[in-house]
Amino acid sequence: MGLIKLMVLIAVVIGLVILWRRFKAWQISSQRQQPTPTNPPLMVRCAQCQLHLPRDQALRVNDQWYCCDAHRDAGRHD
């Protein structure tokens with residue numbers, strides 16, 4: 001009877017060790033997969049339609065930003 005209890009205890013300990021190692025491996029893999037935050041693009045507002053768009057896609061005339069050529073041309077005539 002004592003031998004059976006010892007075997008069950010060893011099986012439980014081995015099971016706990018296996019679960020602990022899997023948990024630690026999962027923790028490490030989940031830390032690696034987290035994306036690094038990137039800086040959001042700088043946004044500007046179109047002077048004609050008030051649309052917000054990334055600065056690198058906007059058209060600039062003097063101190064005004066425009067979302068497209070039509071709005072830039074319309075802004076010149078205003």
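The stops below go from an annotated span to the salt bridges.

This is a predicted model, in which local features need pLDDT of at least 70 and side-chain atom pairs count only at pLDDT 80 or more, while totals for chains, interfaces and linings use all residues. Residues are numbered from 1 along each chain as its sequence is written, and side-chain values use heavy atoms, with hydrogens and water left out.

Select residues 6-23 to begin, the span that an unreviewed UniProt entry annotates as "transmembrane region"; such annotations, given in the numbering used here and with shortened feature names, may be inferred rather than shown by experiment. This span is 100% helix and 0% strand, and its end C-alpha atoms are 26 Å apart, where helices (H or I, at least four residues) and strands (E, at least two) are DSSP runs numbered from the N terminus.

How many salt bridges does a search of the whole structure find? The search finds three, a salt bridge being a side-chain nitrogen of Lys or Arg within 4 Å of a carboxyl oxygen of Asp or Glu.

Select Arg60 and Asp63 next, whose closest N and O atoms are 3.6 Å apart in a salt bridge. Arg60 is partly exposed at 49% relative accessible area, whereas Asp63 is exposed at 63% (buried is under 20%, exposed over 50%, partly exposed in between, with a 1.4 Å probe and protein chains only).

Finally, select Asp69, Arg72 and Asp73, which a network of salt bridges links. Arg72 meets Asp69 at 3.4 Å, N to O, and these two are separated by about one helical turn because they lie three residues apart in helix H2 (residues 69-77). Arg72 also meets Asp73 in a salt bridge at 3.6 Å, N to O. Asp69 is partly exposed at 41% relative accessibility, and Asp73 is partly exposed at 32%.
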